[in-house]
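Hello,

Here is the structure I promised to pass on.

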Amino acid sequence: MRAELLDWYDAHGRSLPWRETSDPYAIWVSEVMCQQTRVDTAIPYYHRFLERFPTAQALADASEDDVLAAWSGLGYYRRARMLHAGVKEMVASYGGELPRDPAARLALPGVGRYTAGALGSIAFGLPEPIVDGNVARVLSRVFRIETMLGKAATEKALWAHAEELVQGPRPGDFNQALMELGALVCTPKSPSCGACPWAERCEAREAGIQETLPVPRKKKKPTEVSLTAVVATRGRGAAREVFLTKREEGELFAGLWMVPMVESPPTQLELGERGASSGGDEALRCLHEHGLRATIGDRCGSVIHVLSHRRYSVQVYRATAAKAAAKSAVTRHRIDALAELGVARLTEKIVDAALPGER
Ligand code: SF4
């Protein structure tokens, strides 16, 4: 099975920038970026990130703001913060060298079983397994695993197959081949079984049930979160400045710059839809809680933002800030420079709702 897959990979694998390096740090960056992001999207970010932080030492020395700014647009910012923390630890404890010992690698912040295995196999050529979404799909089909993803028995079976298959020559290429097969051939819908090197061995294909596997996890309904946001500005045109606050550790969107926001009871907001008064009260409370002196203006509508586990419904208000406007936690930033800060996509949507076309 290994030889068949490796032959297929040698003939059909894509040439991707991180497949042309043996630098464990660069491979680590690519692995983190490609979690939850499409490869095509990740490529330009990968180049830019490594230009800005070419070595583990450079990333370890960088401020969190700079790291989040370089990540800006990729989303799932927690990944960037964990990568930063992991690389800092590697520099502090191992002189910037990724440890070969699997347990030491796994103990680095942000390094789970998947990342540890990807780094061990790709950077060091060690026979360590990986299971990500693509691998889980391929293995579920080839070995006809009909239990639900996420269940202990399913995970155990997937990792056991991955562990067994990775033993042998070129373990790093083998793992990448497995992911590549899932990305290019054994796709979630309409897998191209005719082009698959494992077609003759695939139990799901033989039974004609390949499209029903893997059995997906039950999706939890995202939690509804109602917020009121105030886009307070000073100045006009290109010189216009927006007041932002950096979200603290333990808060939603920790480490990112956002416009001042408060969580609001949905009933208040429903009332606010009909008459501005109660929503306006929430906007005033938002200013007060952030120590910002400003005059509330129009309500500019609402923004919906859905993440995997939460659905945000944000009532957006405009405000004009007073001269000595804020306490130190809220600072002014030029509206045309937001892209250089670590700004969450939600902040961009909110600013766009309040000040269309100005960002
Ligand atoms: S034969 Fe089809 S279902 Fe089975 S592994 Fe190959 S592409 Fe996937």
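Arg105 is buried, with a relative accessible area of 0% (buried means under 20%, with a 1.4 Å probe and protein chains only). This is a predicted model, in which local features need pLDDT of at least 70, side-chain atom pairs count only at pLDDT 80 or more, and totals for chains, interfaces and linings use all residues. Residues are numbered from 1 along each chain as its sequence is written, and side-chain values use heavy atoms, with hydrogens and water left out.

Arg105 sits in helix α7, residues 102-106 (helices are DSSP runs of H or I, at least four residues, numbered from the N terminus). Its side chain reaches the backbone oxygen of Ala116 at 2.7 Å. The C-alpha atoms of Arg105 and Ala116 are 6.0 Å apart, although 11 residues separate the two along the chain. Beyond its neighbours within four places in sequence, Arg105 has contacts (heavy atoms within 4.5 Å) that include Leu98, Phe124 and Glu128.

Now for the pocket. The largest pocket has a volume of about 1600 Å³, taken as the space filled by probe spheres set on grid points joined across faces, edges and corners. On a 1 Å grid over the protein atoms alone, a pocket is an open set of points where a 1.4 Å probe fits, with protein on both sides within 12 Å along at least five of seven lines; lining residues have an atom within 4 Å of a point. Of its 44 lining residues, Cys34, Gln36, Asp132, Gly133 and Asn134 are the closest to its centre.

Best wishes

Key: Helices (H or I, at least four residues) and strands (E, at least two) are DSSP runs, numbered from the N terminus. Buried means under 20% relative accessible area, exposed over 50%, partly exposed in between (1.4 Å probe, protein chains only). A polar contact is a pair of N or O atoms within 3.5 Å; within protein, one must be able to donate a hydrogen and the other to accept it, and residues adjacent in sequence count only if both atoms are side-chain atoms.
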